[in-house]
Amino acid sequence: MGQYFSNEKLPSKVKKINAKICNQEFTFLTDNGVFSKDKVDFGSRLLLESIPLLEVGAKVLDVGCGYGTIGIVINKLTGASVDMVDVNKRAIHLALRNIKENDCRDTYAFESNCYQSVTLKYDTIITNPPIRAGKDVVYEIVMGAVNHLNVSGNLFLVVRKEQGAKSLISKLNDVYNVEIIERKSGYFVIKCYKKN
């Protein structure tokens, strides 16, 4: 759990990884103490390759952004304005470097514990929630999104079946209209939008 909250004492060893996502090449700087430092994880990749890009909208928030994979790819594929947040200081530092590395425009990253520092509303919120941070954090991210979405906004997330996807979907149904848009290798990609 330390990697999510207090990784400042871990020795830094920045390295560069390459990834081809949605037929486009990306380069990311990663480091010790951040999620999936050796390669883009399967869940984030599946999420990005499953989202209907025409539904993303003009203003996007990536919650739990890590070193910036999701927000950066969405910016490059759609041209949307993207904000990225994470509680992990090292992740935010990397995300800011990766924004430059991938020549993103209108893309920002800042430190926030879930939505604490988030003041705007968004057309789309995207998250690969940090399951290891615990159920309370995951629920705060996905259930709290409703307060930061525009009226017709969408929440897209990915979660593994073995990490409580079914109970999470049941909880999401209390607040959102829920649609499973992809299932693969035990992962669910889920689209949520506000109930009327």
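What follows is a short exchange about a predicted model.

Biologist: What are the ground rules for the numbers?
Modeller: The model is predicted, so local features need pLDDT of at least 70 and side-chain atom pairs count only at pLDDT 80 or more, while totals for chains, interfaces and linings use all residues. Residues are numbered from 1 along each chain as its sequence is written, and side-chain values use heavy atoms, with hydrogens and water left out.

Biologist: How many helices and strands does the chain have?
Modeller: Both are DSSP runs, numbered from the N terminus: helices are H or I with at least four residues, strands are E with at least two. On that basis the chain has six helices and nine strands.

Biologist: What radius of gyration does the chain have?
Modeller: The radius is taken over C-alpha atoms, and the globule rule is 2.2 Å times the number of residues to the power 0.38. For 196 residues, a compact globule would have a value near 16 Å. The chain agrees with that, at 15 Å.

Biologist: What share of the residues counts as buried?
Modeller: Buried means under 20% relative accessible area, exposed over 50%, and partly exposed in between (1.4 Å probe, protein chains only). Of the 196 residues, the buried share is 51%.

Biologist: How many salt bridges are there?
Modeller: Side chains of opposite charge can pair when their charged atoms come close. The rule asks for a side-chain nitrogen of Lys or Arg within 4 Å of a carboxyl oxygen of Asp or Glu. The count is seven.

Biologist: Asp-31 and Arg-90 form a salt bridge; how many residues apart in sequence are the parts it ties together?
Modeller: The N to O distance is 3.9 Å. Asp-31 lies in the loop between β2 (24-30) and α2 (42-50), and Arg-90 lies in helix α4 (residues 89-101), so the parts tied together are apart in sequence by 59 residues.

Biologist: Which residue forms a salt bridge with Lys-191?
Modeller: The closest N and O atoms are 2.7 Å apart. Lys-191 is in strand β9 (residues 187-194), and the partner sits in the loop between α2 and β3 (59-63), 136 residues away.

Biologist: Which residue meets Glu-111 in a salt bridge?
Modeller: Glu-111 is in strand β5 (residues 107-111), and its partner is in helix α4, 22 residues apart. The N to O distance is 3.4 Å, and the partner is Lys-89.
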